[in-house]
Amino acid sequence: MDPSQQWPYPQQGQPGPQYPQQQPPAQYPQQQYPPQQPPAQYPQQQQYPPQQPSYGNQPYSAAPYNIAPNSAAPYSGPPANPYAQPATGLITVPPQRSRSRLPMLVIAAVCLLALLAVSIVVVALSKNKKEPVAGPGTAPTSYAGPVDPCLVGTWNQTSYQKVVDLTGTDVDKREGIGKVKMTGGGKRWTIKADGTAVEDDAKTVYAGTDDKGRNINATFSGSTDWSIKTVGRTIEYAGKESTSSVVISVDGRKAGTINLEPNLDPNNYTCVGDVWRTSSAKDPDSFARYDKVK
């Protein structure tokens, strides 16, 4: 054997050769393939609609708790249902639809308007209503005396209308009244079968308004004696004696007195039962009504 290939052995009492001490194998951190990454932290999804914290009835001062910046909110479960009703502790009952009252209101309004229209028409007709005018007509049944027996009796004038012409009188010269349309009543007639009659003006009062808008009053007094006869449907007058006079007042102020003379103009008349009506042939708008005194 080649001596150079021999290992020297130590002699007795001498230390043997020193070999380097074998080191344990290096420890390396165990790696996982593929390497696992820590789970990513994502901010919690915002709830829709956002829920507002309730602070009761206390006045606002600060947030009820502090949230650390850059930190995720603690998990509070799945997002709230945006269509859910908030919990109030009470059962929410959806409002019931009521029937529309519009048709009923329209019907009520139409009825009210119709009633109002009828009332207006009635009032207009009542204002424009005129006393029936007596016309000539046909002659009554023949009678023996000079006057229609229907006219015999005592009559009270219950309505009167006539355009009174004061032109030329002393009162008109002072006051400038002219013609006045007057209405009223109060006259009393007493007619006998022989044709004699008395016209009593003790309670006769007429009133009207002149062209200047003044209130004109005519207050009568006295009486007139007549002799009358009826021809067909016409009354003819023949005056005997008159003591009648009239006091004219303008807006409540006495303007003067006029002594009256008998008017001999004939009048048309009708007499039915207890109603006697007269009208003027010259003035179709004038009329008078008398009711029989029983």
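Over the face of which ring does Arg233 lie, and at what distance from the ring centre? Arg233 lies over the face of Tyr269, 5.5 Å from the ring centre. The notes below take this contact and others in turn.

1. Basis. The model is predicted, so local features need pLDDT of at least 70 and side-chain atom pairs count only at pLDDT 80 or more, while totals for chains, interfaces and linings use all residues. Residues are numbered from 1 along each chain as its sequence is written, and side-chain values use heavy atoms, with hydrogens and water left out.

2. Charges over rings. A charge sits over a ring if NZ of Lys or CZ of Arg is within 6 Å of the ring centre and within 35 degrees of the ring normal. Besides the Arg233 contact with Tyr269, Lys187 lies over the face of Phe220, with 5.5 Å to the ring centre.

3. Aromatic pairs. Rings of Phe, Tyr and Trp (for Trp, the six-membered ring) pair if their centres lie within 6.5 Å; planes under 30 degrees apart count as stacked, over 60 as edge-to-face and the rest as tilted. The count by this rule is eight aromatic pairs. Tyr160 and Tyr206 are stacked, because their ring centres are 3.8 Å apart and their planes stand at 5°. Tyr160 belongs to strand β1 (residues 153–165) and Tyr206 to strand β5 (residues 205–209), so the pair ties together parts 46 residues apart in sequence. Helices (H or I, at least four residues) and strands (E, at least two) are DSSP runs, numbered from the N terminus.

4. Burial of that pair. Buried means under 20% relative accessible area, exposed over 50%, and partly exposed in between (1.4 Å probe, protein chains only). Tyr160 is buried at 14%, and Tyr206 is buried at 3%.

5. Trp226 and Tyr237 are edge-to-face, since their ring centres are 5.4 Å apart and their planes at 65°. Trp226 is in strand β7 (residues 223–231) and Tyr237 in strand β8 (residues 234–242), 11 residues apart. Both Trp226 and Tyr237 are buried. One aromatic cluster is formed by Trp155, Trp189, Trp226, Tyr237, Trp276 and Tyr290.

6. Disulfide. A disulfide is a pair of cysteine sulfur atoms within 2.5 Å. The structure has one, joining Cys150 to Cys271 with S to S at 1.8 Å. The torsion about this S-S bond is about -80°, so the disulfide is left-handed. Cys150 is in the loop between α1 (102–128) and β1, and Cys271 is in strand β11 (residues 267–272), 121 residues apart. Cys150 and Cys271 are both buried.

7. Salt bridges at Lys187. A salt bridge is a side-chain nitrogen of Lys or Arg within 4 Å of a carboxyl oxygen of Asp or Glu. By this rule there are 10 salt bridges. Lys187 meets Glu199 in one of them (2.8 Å, N to O). Lys187 sits in the loop between β2 (179–185) and β3 (188–191), and Glu199 in strand β4 (residues 196–200), 12 residues apart. Lys187 and Glu199 are buried. Asp201 also forms a salt bridge with Lys187 (2.4 Å, N to O), and Asp201 is buried.

8. Lys282 and Asp265 form a salt bridge, with their closest N and O atoms 3.7 Å apart. Lys282 is exposed at 69% relative accessible area, whereas Asp265 is partly exposed at 33%. Salt bridges with shared partners join Glu175, Asp210, Arg214 and Arg253 into one network.
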